[in-house]
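Colleague: I'm new to this one. Could you put it on screen and let me ask things as they come up?

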Amino acid sequence: MKKSVGYALLAGLAAVVVLISTAIFVGFGGGHDGLGSDHHKPRDPAAPAVSGQWVGSWSAAAAAAEPGTLDGYAGMSIRNVVHTSVGGSGARIQLSNLYGTRPLVVSHASLALAAAPSNPTAAAGTMRRLTFGGRPAVTIPAGGAVTSDPVRLKVPADADLLATTYSPSPSGPATYHPYARQTSYLARGDRAEDATGAAYTEQSPYWRYLTGVDVWSTEARGTVVAIGDSITDGITSTAGANHRWTDFLAERLRTEPGAPRYGVINQGISGNRLLVNGSRFSPNNGPSVLSRLDRDALSRTGVKAVVVEIGLNDLFKSPRQWDPQKIVAGMRAIVREAHARGLRVTGSTLTPFGGHRGYSTRMNQVREQVNRIIRSGSVYDEVVDWDRTLRDPAAPVRLRPVYDSGDHLHPSDEGFRAMAHALNLDHLKRSAPAQL
């Protein structure tokens, strides 16, 4: 080959490479509304994002292996209905096989906007097929997780999304979140891209495999992660109404002047404890907050602030923890781990439960000792005093009646609203960890 011809061929190849690179850049992050990487320069907390970034809009913690699902959901489509906290121009999802004993094959997955709240039908023109590393199918190893490729989809804030997966083969126990307070759906066969919900005849109160939805936002500048027990999980909130305290917080962050524009993700697990792990097959315990803190909170997309509500189940459940210093030590361990990531932690006092069937004077004394230490400012960077927010002034060991769901432990919808409004939003803006 002559030298001049060789140079011409090399120049031509270089031009093709440049054209392809430019197309990729514009399509996935180089344009004004592109979907880009997670790496962004720090910004003024009060300023909106100038260019887009990934933030968490919804999440649910992987709580346990679903009982009775030794072969998973082979030949079934699972349509999880989830509610966004913030919107964006693109989205991606996270799937987990944390409690699986065999690889989970997802051969077809999709994401769409729901046509109506809690409805399995997709809004017209919003159905998107998901890929994983450019492939239409993915195999998630036992104990593993995966994030989908991003898709362009106009995702509104405060709206329901449909995240659907289809598995063609047995996979071992399903990783699930049992207290969703939201109806999801199942269908026989591969119905992942069905825009109509007609095939989704089986209803379910669980979320399966899906653990997160991120959105590409030009307005939100980060994510608040809430981690805790059933009070954070919202176990007594009205089903389908999105009335957990985290939902009310998301509303404040969207609407209040001067509020930081953050997404809110909920990593509560009903029955969860601070210090002790539950059984992997128990639907009402989950791994302890200390053991799941990094996975479920500190490493989540765009995390800027962490709110912790935990400790009551360490008093309630066997082996009971009667030493307030050990409970506080666990809380301080949370803060140390968060500080190592450059994150501040807002922590709550332990809420009243007088009148509950598990109440005892001794247990309440431990709760009050823990609360005194928390209020001293020596545990968390910031304190939200949900004990004072929720308690009855006439009987401080009990919940105020309007805030009581009826079991004398978990708040009502109005109680959850009061919790969200008790949070100081300015605390969520602060970035440098406190010197405790």
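Colleague: Is Asp 158 buried, partly exposed or exposed?

Modeller: Asp 158 counts as partly exposed because its relative accessibility is 45%; buried means under 20% relative accessible area, exposed over 50%, and partly exposed in between, with a 1.4 Å probe and protein chains only. Before we go on: this is a predicted model, where local features need pLDDT of at least 70 and side-chain atom pairs count only at pLDDT 80 or more, while totals for chains, interfaces and linings use all residues. Residues are numbered from 1 along each chain as its sequence is written, and side-chain values use heavy atoms, with hydrogens and water left out.

Colleague: Where is Asp 158 found?

Modeller: In the loop between strand S10 (151-155) and strand S11 (160-167). Helices (H or I, at least four residues) and strands (E, at least two) are DSSP runs, numbered from the N terminus. Phi of Asp 158 is near 60 degrees, a positive value in a residue that is not glycine.

Colleague: And what is phi of Tyr 209 near?

Modeller: Near 70 degrees, again positive in a residue other than glycine. Tyr 209 sits in the loop between strand S15 (207-208) and strand S16 (210-217). Tyr 209 is buried because its relative accessible area is 4%.

Colleague: Which residues does a cis peptide bond join?

Modeller: Ser 318 and Pro 319, with omega about 0 degrees. Pro 319 is in the loop between helix H5 (312-316) and H6.

Colleague: Switching to sheets. What is the strand order in the open sheet of five strands?

Modeller: The order is S18-S17-S19-S20-S21, with parallel pairing; two strands pair if DSSP finds at least two bridges between them.

Colleague: Which strands stand at the edges?

Modeller: Strand S18 (262-268) and strand S21 (382-384); each has a single partner strand, so one side of each has no neighbour in the sheet. On average, neighbouring strands of this sheet are turned by 20 degrees against each other, direction ignored.

Colleague: How many bridges join S17 to S19?

Modeller: Six, between strand S17 (residues 222-228) and strand S19 (residues 303-309), which run parallel. Gly 228 has Glu 309 in S19 as its bridge partner, and Val 225 stands opposite Val 306 in S19. S19 also pairs in the parallel sense with strand S20 (residues 344-348), over four bridges. There, Val 307 has Thr 346 in S20 as its bridge partner.

Colleague: What about the cores? How many residues are in the largest nonpolar core?

Modeller: It has 58 residues, and those with the most contacts inside it are Trp 245, Leu 249, Leu 253, Met 331 and Leu 428. A nonpolar core is a set of buried Ala, Val, Leu, Ile, Met, Phe, Trp, Tyr and Cys residues joined through side-chain atoms within 4.5 Å. Helix H6 (residues 324-340) gives the most to this core, with six residues. Apart from it lies another core, of 37 residues, including Met 76 and Leu 130.

Colleague: Last one: where does Leu 111 lie?

Modeller: Leu 111 lies in strand S6 (residues 108-113). Leu 111 counts as buried because its relative accessibility is 0%. Not counting residues up to four places away in sequence, Leu 111 touches several residues, among them Ile 93, Leu 130 and Val 151; contact means heavy atoms within 4.5 Å.

Terms used:
Axes fitted to C-alpha atoms, helices over the stretch in contact; angles between N-to-C directions.
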